[in-house]
Amino acid sequence: MYLKQKYKLNIFKYVLLGYNIVYMKAAILKNGRIEITELPKPILDEYGEGAIIKVLGCGLCGSDIVKLRTGSVMDGTVLGHEVVGEIVEINSGTSFSIGDKVALGHHVPCFNCQYCWGGNYSMCRHFKKTNIKPGGFAEYIFVSEEHLNNTVFNVNLRLSDIEASFLEPLGCCIRAVKRAKILDNYKCLVVGLGSIGILMGEAIHAFGNKVYGCDLIKERVFASEEFGFEKSFLLDNEDEVLNKMKQETKVGFDTVFLTAGSASAIDFAVKAARDGATIVVFSSIKNENGFKNNDIYYRELNIMGSYSPSPVDLEDSMLLIEEGRVKVAGLSVVYGIDELNQAISDTISNKIMKAYIRL
Ligand SMILES: [Zn+2]
Ligand SMILES: [Zn+2]
């Protein structure tokens, strides 16, 4: 069986150490597709401190699809990181216990390096190395003690599993909103109204700022207005839309969030921004096609990126979801783990905004 290739070593080690191997269902990457297979369930003893979490569900992230399409991760990898689950085994100094329902972030910064001191927690090399094992699209995962200490949160039982699974993606948006340093009377624009664009708008709104949106898909433009957007524009005729936007803002938008990854989206963001505006880049792009030097110089534009959430952003995210200040219900469609390939193609074809994979 395929799993034996990547996990051969693990299995060998487990046998040597006398562990009883139990198998679980998991979705692995193979040749640009997902294959459902069986992997050894993580063994807590192997890691020492930490917890085993029974995954209840896991959101499908745009970054999972990028990894799958670009082949940037190895075959055999288990994708998925927007996990909600229940602690079933634990050996930890934290106050978590068996039976706790939790949502989590998958990377933990060291808090003690040049990147962390500068507030760039998601650039910390330790952050990039840490992860849940093997990945969210599996029946069980292992989380380390430092995850438990920093990026795992108890889920208020009033919340549905799906709502709780938005902890990490909303945390990413919250980080972007904080980094943009939006002033009180600023008008913000979100370019791209997929699930991340909607969450970004909701985060901007929750922080007390006016937000507008635009997208090429009519249904998304309509939907956004239920999620705290002041007004959204259908990007059918660029010049007309830019004119309408000028009527709203007079000079252009103060802050523009780019959640759609394409050269034309960059171009549009630059046109919709006022001179001196901040443009937050929040998506990857297939062919590097960047901003123009002279736009940045003569128009004094601030171009900044924001990537992944820090533990504090996750904490803020949980609070906003719990208090209902950000509405996440209704954004995702539920699929079983066996339907993961379908969920991926429905997301790529924009048939759905977001998929939640139930384990
Ligand atoms: Zn994600
Ligand atoms: Zn660090």
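How far apart do the C-alpha centres of domain 1 and domain 2 lie? In this predicted model, the C-alpha centres of the two domains lie 31 Å apart. The domain assignment of the chain places residues 3-166 together with 328-358 in domain 1, and residues 173-305 in domain 2.

- Where domain 1 and domain 2 touch, six residues of domain 1 are in contact with six residues of domain 2.
- On the side of domain 1 that touches domain 2, the residues divide into three nonpolar, two polar and one charged.

**Helix 8 and helix 14**

- Helix 8, which covers residues 167-180, and helix 14, which covers residues 311-322, have axes that come within 8 Å and cross at roughly 115°.
- Because of this angle, helix 8 counts as roughly perpendicular to helix 14, and the crossing of the two helices is right-handed.
- From helix 8 the contact draws on Leu167, Glu168, Leu170, Gly171, Ile174 and Arg175, while helix 14 contributes Asp313, Leu314, Asp316, Ser317, Met318, Leu320 and Ile321.
- Sorted by class, the residues of the contact of helix 8 with helix 14 comprise seven nonpolar, two polar and four charged.

**Helix 8 and helix 9**

- The axes of helix 8 and helix 9, the latter formed by residues 195-206, come within 9 Å and cross at roughly 55°.
- Because of that angle, helix 8 is described as oblique to helix 9, and helix 8 passes helix 9 in a right-handed crossing.
- On the helix 8 side the residues that meet helix 9 are Pro169, Leu170, Cys173, Ile174, Ala176 and Val177, and on the helix 9 side they are Ile196, Leu199, Met200, Ala203 and Ile204.
- Which classes of residue make up the contact of helix 8 with helix 9? This contact has eleven nonpolar residues, with no polar and no charged residues.

**A parallel sheet and the helices packed on it**

- Six strands, taken in the order 10-9-8-11-12-13, form an open sheet in which the pairing is parallel.
- Strand 10 (231-234) and strand 13 (302-305) stand at the edges with a single partner strand each, so one side of each is left without a neighbour in the sheet.
- On average, and with direction ignored, neighbouring strands of this sheet are turned by 20° against each other.
- Strand 12, made of residues 273-281, pairs with strand 13 in the parallel sense over four bridges, and Ile279 has Ile303 of strand 13 as its bridge partner.
- Helix 11 (residues 238-249) lies across strand 8 (187-191), strand 9 (210-215), strand 10 and strand 11 (253-258), and runs at about 165° to strand 10.
- Helix 12 (residues 263-272) also packs on the sheet, where it touches strand 8, strand 11 and strand 12, and its direction makes about 170° with that of strand 11.

**Backbone details in the loops**

- Most residues other than glycine have a negative phi, and most peptide bonds are trans.
- Lys133 and Pro134 are joined by a cis peptide bond, with omega about 0°, and Pro134 lies in the loop between helix 5 (125-129) and strand 6 (140-144).
- Lys181 is a residue other than glycine with a positive phi, near 45°, and Lys181 is found in the loop between helix 8 and strand 8.

Key
Residues are numbered from 1 along each chain as its sequence is written. Chains are lettered from A and ligands numbered from 1 in the order in which they are written. This is a predicted model: local features need pLDDT of at least 70, side-chain atom pairs count only at pLDDT 80 or more; totals for chains, interfaces and linings use all residues. Domain bounds come from an automatic or database domain assignment. Two residues are in contact if their C-beta atoms, placed from the backbone, lie within 7 Å. Ala, Val, Leu, Ile, Met, Phe, Trp, Tyr, Cys and Pro count as nonpolar, Asp, Glu, Lys and Arg as charged, and the others, Gly among them, as polar. Axes are lines fitted to C-alpha atoms, for helices over the stretch in contact, and angles run from 0 to 180 degrees between N-to-C directions. Angles under 35 degrees count as roughly parallel, over 145 as roughly antiparallel, 65 to 115 as roughly perpendicular and the rest as oblique. A crossing is left-handed if the near helix is turned anticlockwise from the far one by less than a right angle, and right-handed if clockwise. Two strands pair if DSSP finds at least two bridges between them.
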